[in-house]
Amino acid sequence: MLLSSFILASLVLVLLYLLLLHKDNISSIPLVSYRNLPVVGHLIPFLRDRRKFLMECHQRYGQCFTVKLLTQRITFVLSPFDWATVARNSSLYLPEHEFGIKVFDTGNSVIGFQQLNIEVHRYYTRYLKNRDRLQPIIVEFVLNLRKLMMHERMALKNSKNLSEWISTDLITFSHRMLFEPSSLALFGEINPLSIENDFRLFDQKIHYFNALLPSWIYSFFFRRELQTRFRLNNSWFSKIHPLHESDFIKHRADLLLDHPEWYSAQEFGGNQTAMMWASLANSTPALFWCLLYILRDTKALESIQQEIDMYLPSFSLDDDLSISLVSEWTTARLNSCVLLESAINETLRLVATPMVLRKCLHATDITLNDGRILHLKSNDAIALFSAIAHRDGNLFPDPDKFIFDRFVQKNADTVLGFMPFGMGKNICPGRYLARYEIKICIALVLRHMEYKFIDMKTIPTEQKHRIGVGIAPPNENVPIWYRYKS
Ligand code: HEM
């Protein structure tokens with residue numbers, strides 16, 4: 001009796017398993033096969049080289065397929081014709097609360113997060129997505145970058161080395177141009193250099209935190225990184241409202257501080273660190289790639305130089321007599337630099353690899369452009385991955401070539417297949433600021449510096465573990481020489 005019940009139960013289980021397997025097979029969205037590793041699924045090839053893995057899946061399974069990473073299934077949607085439908089679906093959400101807790105220690109309170117998130121999105125619209133409201137941040141950024149260049153130039157002049165070439169590498173150069181000036185422009189008179197090492201160390205290891213591993217793994221294996229994060233989060237208490245902080249940061253900070261029932265002081269620090277990271281982590285490699293592509297393209301340079309001379313007033317790095325001209329670096333004038341804007345967008349097309357991840361709150365069906373229906377259950381995940389469309393010759397002829405004026409007279413936000421900043425409600429609110437900062441850096445380099453690349457052709461590879469975050473930094477150093485014009 002016992003034996004026959006056992007056999008019956010086993011048969012039912014086998015039947016159920018086959019049914020489930022069959023369901024996967026008959027689904028119109030293919031599940032990428034993971035034959036020998038049923039528990040980990042595709043985790044290993046995904047971690048090893050996710051761009052290569054997704055390109056292979058694309059070749060084999062087409063524009064939409066499901067992969068399994070441990071227990072999480074993620075359906076990848078590669079066709080730009082489907083992105084807007086996914087981005088508009090109200091059953092899907094960006095799991096930023098989960099990321100915030102694990103990555104930055106931003107606080108557990110779900111209600112607090114939901115309430116404040118609505119308000120914070122209003123601030124994004126008011127302060128960051130509104131080009132006019134960015135003006136004070138832009139002026140602060142130009143002032144701070146000018147100061148940094150002026151000090152370096154003065155120091156070289158005083159040591160009678162102004163004509164000597166300085167040797168560095170392009171990512172260090174890009175980091176330096178953005179880190180201090182951008183942090184000061186957003187957060188006011190904090191002391192960015194005092195947290196620079198911690199910021200760099202944490203940023204280099206952030207992909208481990210993005211993997212959302214169980215907490216004990218971090219406590220056990222990532223003690224140094226946790227201490228670094230603790231120091232970064234604590235650094236925000238020395239001055240809650242530093243002088244010259246931007247309205248955006250001021251109002252966001254007040255919102256968090258006004259609700260101690262949701263956020264502890266340490267968690268407030270976590271939220272500040274998260275914003276600082278968001279404002280620099282993609283912009284710095286983006287500046288690197290823009291400088292690499294634009295400064296090595298003589299044709300692009302000629303036209304961009306003329307445009308900069310026409311629209312952006314020049315000020316001296318020798319004295320403060322012309323400092324008032326900084327306020328004339330308006331968003332309107334920067335918007336007029338359409339060739340530079342196009343060259344930046346073209347660089348982003350070549351290097352941006354964001355994985356726009358959404359989790360499913362309630363079961364939902366999504367009808368794809370080709371008529372197939374994608375069934376998602378609660379807790380399923382879906383990811384839009386734009387890097388493949390960015391190199392699609394049907395959307396962008398000659399896709400591997402840097403064509404600096406490709407985006408002229410196009411609204412980059414509406415170009416089909418171009419998605420460096422995500423999409424929908426959670427599209428990057430810093431995208432205008434990022435482009436302005438990059439424009440300013442390039443304009444000031446062209447105006448005040450001479451430079452030499454040791455190698456004019458090689459394109460470095462990207463750090464594989466950063467593919468999916470936004471813009472991956474390079475794997476190899478790109479040595480450059482520069483000096484200030486006399
Ligand atoms: C070239 C530089 C940048 C790139 C490529 C980039 C890319 C992205 C991407 C792909 C997302 C996710 C969007 C989505 O899920 O749909 C994002 C979100 C975000 N970015 Fe950026 N970003 C850049 C610069 C900035 C800057 C300068 C700031 C800050 C001022 C910023 C602040 C944010 C914030 C706050 C979010 C989260 C938005 C939300 O919660 O809805 N980003 N960014």
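Which residue in strand 8 is the bridge partner of V356? The partner is L384. Helices (H or I, at least four residues) and strands (E, at least two) are DSSP runs, numbered from the N terminus.

The model is predicted: local features need pLDDT of at least 70, side-chain atom pairs count only at pLDDT 80 or more, and totals for chains, interfaces and linings use all residues. Residues are numbered from 1 along each chain as its sequence is written.

Strand 8 takes part in two pairings, where a pair needs at least two bridges found by DSSP. Strand 5 (residues 355–360) runs antiparallel to strand 8, with 5 bridges. Strand 2 (residues 72–77) runs parallel to strand 8 (residues 381–385), with 4 bridges. Here V77 stands opposite L384.

The axes of helix 11 (residues 223–234) and helix 13 come within 7 Å and cross at roughly 95 degrees. Axes are lines fitted to C-alpha atoms over the stretch in contact, and angles run from 0 to 180 degrees between N-to-C directions. The two helices are therefore roughly perpendicular (angles of 65 to 115 degrees). Helix 11 contributes L232, N233 and N234 to the contact, and helix 13 contributes Q266, G269, G270 and T273 (C-beta atoms, placed from the backbone, within 7 Å). By class, this contact has 1 nonpolar, 6 polar and no charged residues.

Helix 13 (265–280) also supplies at least two residues of the shell around the ligand, as do helix 14 (283–295) and helix 19 (431–448). In total, 24 residues surround the ligand (C-beta atom, placed from the backbone, within 6 Å). The closest are N282, G422, N426, C428 and G430.

Conventions: Angles under 35 degrees count as roughly parallel, over 145 as roughly antiparallel, 65 to 115 as roughly perpendicular and the rest as oblique. Two residues are in contact if their C-beta atoms, placed from the backbone, lie within 7 Å. Ala, Val, Leu, Ile, Met, Phe, Trp, Tyr, Cys and Pro count as nonpolar, Asp, Glu, Lys and Arg as charged, and the others, Gly among them, as polar.
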